[in-house]
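Hi there,

I'm passing a structure on to you, and I hope you enjoy looking through it. My notes on what turned up follow just below.

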Amino acid sequence: MAGEKKKKESILELSRFLNKAVRVKFQGGREASGTLIGFDQLLNMVLDGTTEYLRDPDDPFKLTDQTRSLGLVVCRGVSIVLVCPADGMEPISNPFLQQDA
């Protein structure tokens, strides 16, 4: 038992968002949206047709109506704070609650 390692599982099911539009928020306040075309176990993601939402220079936490086209982007998993579908959100069960057997 002591030598066994529990397999790490991602709490996010990103496979259901493949080839769909997603919005991503990053540490530091940046936001972008694009089509999810790939990801790995560390939640590094590849977005195509990516658009970045620019922030207000006076208030870095406030987004403006201005955008910037980025194209194909690799998003590092350690800097991602939030991933949601671009067309809205859906409730999920709490992955941290213990399931009764």
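This is a predicted model: local features need pLDDT of at least 70, side-chain atom pairs count only at pLDDT 80 or more; totals for chains, interfaces and linings use all residues.

Is glutamate 52 buried or exposed? Its relative accessibility is 7%, so glutamate 52 counts as buried, the cut-off for that being under 20%. The side chain of glutamate 52 makes a polar contact of 2.4 Å with the side chain of arginine 68. Setting aside neighbours within four places in sequence, glutamate 52 touches Arg30, Glu31, Ala32, Gln66, Thr67, Arg68 and Leu70.

One of those partners, Gln66, belongs to strand 4, residues 63-75. Between glutamine 66 and glutamate 52 there are 14 residues in sequence and 8.7 Å in space, taken from C-alpha to C-alpha. Glutamine 66 has a relative accessible area of 52% and is therefore exposed, since the threshold is over 50%. Beyond its neighbours within four places in sequence, glutamine 66 is in contact with Glu52, Tyr53 and Leu54.

Serine 33 sits in strand 2, residues 31-39, and counts as buried because its relative accessibility is 12%.

Happy exploring, and do write back with any questions!

Best wishes

Key
Residues are numbered from 1 along each chain as its sequence is written. Side-chain values use heavy atoms; hydrogens and water are left out. Helices (H or I, at least four residues) and strands (E, at least two) are DSSP runs, numbered from the N terminus. Buried means under 20% relative accessible area, exposed over 50%, partly exposed in between (1.4 Å probe, protein chains only). Contact means heavy atoms within 4.5 Å. A polar contact is a pair of N or O atoms within 3.5 Å; within protein, one must be able to donate a hydrogen and the other to accept it, and residues adjacent in sequence count only if both atoms are side-chain atoms.
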